[in-house]
Amino acid sequence: MVSKTEEAELNRLESQVDNGGGGAWEYMCLVKKLKVRRSEKVLKHGMSILNDLSKRSSLGPEVWTLYEQVAVAAMDCQSLDVAKDLIKLLRKEFPESKRVGKLEAMLLEAKGSWAEAEKAYSSLLEDSPLDQVIHKRRVAMAKAQGDTSGAIEWLNKYLEIFMADNDAWRELAEIYVSLQMYKQAAFCYEELILAQPTVPLYHLAYADILYTLGGLENIQTAKKYYASVIDLTGGKNIRALFGISLCTSAIGQLAKGRNKEDKETPELQSLVVTALEKDYKQRAPDKLFLLTTALKSLKVSS
C-alpha cells in the first residue's frame, strides 16, 4: 500500500514532468517501485525518453526495463501497435526470454485473442509452473470474458499453490459474495483472518456474511466479529456499531423461548447505542432523530 508521503512525492514528480521540468526517468522508476498504475502518464513520459536517442542511451541496460514498462502501459491504454513494436524490439534483444513471452501473451489477451493467449500462457506454465504472474493473468482473462466460473476455478487452483496470497483470497471472496455464495465467501475470510488477525476489514466482511447467512448461531458469531472490529478500531467503525444493533435485535427474536444462555445481555448494546448517539451528535446532529427512530424500530434503543 502506498503511503501518503510516497503518493505526495509521486504527484510532485508527475506535476514536474508534465510541466516540462524534467525528471521523467525518476518518475518512471518511482511508479515501478510503488507498483501503482498510471498507464497514460507512463506511456507518454516513457515514450518521450525512448524516442530521444541521448536519453535512451544514457540508461544503459536499464533501457530494456523501460521498454517492458512502457509496453505494458501501452496495452493498458489500448495502444496496441505501440506495444507490438516495443515487444518486437525486446524479442530481438532477448530471443529466448520467457519474460518477453509473457508480454507477447498479454498482447494477445489485449487484442481479445483469448484462445491464443490461453495457449501461450499454458506453454509458459509448462516451463515455469510456479510463475504467479501467469496464473494471475489467467484469472484476469477469465474475468475479462465474463467467465466468472472460470475465474473461480483459476483462483482456486492458484491458491492451492500460493496459499499465503491474501489479495487472491479476498478477490475470490468478493466473487463468491457477488454470486451470493456466502458459505464459500465465509471460508475465504476465515483464511484471511487467520493470516492477518488485526485487519478490521476482514472481521467486518466476515461478520456481514454471517449475518446474511442468518440463523441464531451465525448471528451470535457475527456479533462477536462486529465487536472485534470495534475493539480493533477503537470504537470508530459505525458499520460495526450498527452491525451489533442488528444482531442484538435478530438474536432477541430468534432466542425467544430458548435457554437463558442464548438470550442477550443489555450491557454491550447500551454502550453501542451511546457510541452511535455520540458520533451522530458530533458529525450529523440533524440526522440524530433518524438514528433514534431506527434504533427504536430494532427495539434496541437505550
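Modeller: The contact is between helix 13 and helix 14, where Pro 200, His 203, Leu 204, Tyr 206, Ala 207, Asp 208, Leu 210, Tyr 211 and Leu 213 of helix 13 meet Asn 218, Ile 219, Thr 221, Ala 222, Tyr 225, Tyr 226, Ser 228, Val 229 and Leu 232 of helix 14. Contact means heavy atoms within 4.5 Å, and helices are DSSP runs (H or I, at least four residues) numbered from the N terminus. By class, the residues of this contact are 13 nonpolar, four polar and one charged. Here Ala, Val, Leu, Ile, Met, Phe, Trp, Tyr, Cys and Pro count as nonpolar, Asp, Glu, Lys and Arg as charged, and the others, Gly among them, as polar.

The model is predicted: local features need pLDDT of at least 70, side-chain atom pairs count only at pLDDT 80 or more, and totals for chains, interfaces and linings use all residues. Residues are numbered from 1 along each chain as its sequence is written, and side-chain values use heavy atoms, with hydrogens and water left out.

Two packed helices are described by the angle between their axes and the distance between the axes. For helix 13 (residues 200–213) and helix 14 (residues 216–232), the axes come within 8 Å and cross at roughly 160°. The axes are lines fitted to C-alpha atoms over the stretch in contact, and angles run from 0 to 180 degrees between N-to-C directions. Helix 13 and helix 14 are therefore roughly antiparallel to each other; angles under 35 degrees count as roughly parallel, over 145 as roughly antiparallel, 65 to 115 as roughly perpendicular and the rest as oblique. The crossing of helix 13 past helix 14 is left-handed, that is, the near helix is turned anticlockwise from the far one by less than a right angle (clockwise would be right-handed).

The whole structure has seven aromatic pairs, a pair being rings of Phe, Tyr and Trp (its six-membered ring) with centres within 6.5 Å; planes under 30 degrees apart count as stacked, over 60 as edge-to-face and the rest as tilted. In one of them, the ring centres of Tyr 158 and Phe 162 are 4.8 Å apart and the planes lie at 40°, so this pair is tilted. Tyr 158 is buried, at 1% relative accessible area, and Phe 162 is buried at 15%. Buried means under 20% relative accessible area, exposed over 50%, and partly exposed in between (1.4 Å probe, protein chains only). Tyr 189 and Tyr 202 form another tilted pair, 6.5 Å centre to centre with 50° between the planes. This pair links distant parts of the chain, with Tyr 189 in helix 12 (residues 182–195) and Tyr 202 in helix 13, 13 residues apart. Tyr 189 is buried, with a relative accessible area of 6%, and Tyr 202 is buried at 7%. Elsewhere, Trp 64, Tyr 67 and Phe 94 form one aromatic cluster.

Next come two other helix contacts. Helix 5 (residues 62–76) packs on helix 7 (residues 98–110) at an angle of about 10°, with the axes 10 Å apart. That makes helix 5 roughly parallel to helix 7, and helix 5 passes helix 7 in a left-handed crossing. Glu 68, Val 72 and Met 75 of helix 5 meet Arg 99, Leu 103, Met 106, Leu 107 and Ala 110 of helix 7. The residues of that contact are six nonpolar, no polar and two charged.

The axes of helix 2 (residues 24–34) and helix 3 (residues 39–50) come within 10 Å and cross at roughly 135°. That makes helix 2 oblique to helix 3, and their crossing is left-handed. Ala 24, Trp 25, Tyr 27, Met 28 and Val 31 of helix 2 meet Lys 41, Val 42, His 45, Gly 46 and Ile 49 of helix 3. This contact has seven nonpolar, two polar and one charged residues.

Lys 35 lies in the loop between helix 2 and helix 3. Lys 35 has a phi near 60°, a positive value in a residue other than glycine, and is exposed, with a relative accessible area of 76%. Gln 78, in the loop between helix 5 and helix 6 (80–93), also has a positive phi of about 60° although it is not a glycine.

Val 2 sits in the segment before helix 1 (4–18) and counts as partly exposed at 28% relative accessibility. Leaving aside its neighbours within four places in sequence, Val 2 is in contact with Glu 7, Leu 34 and Val 36.
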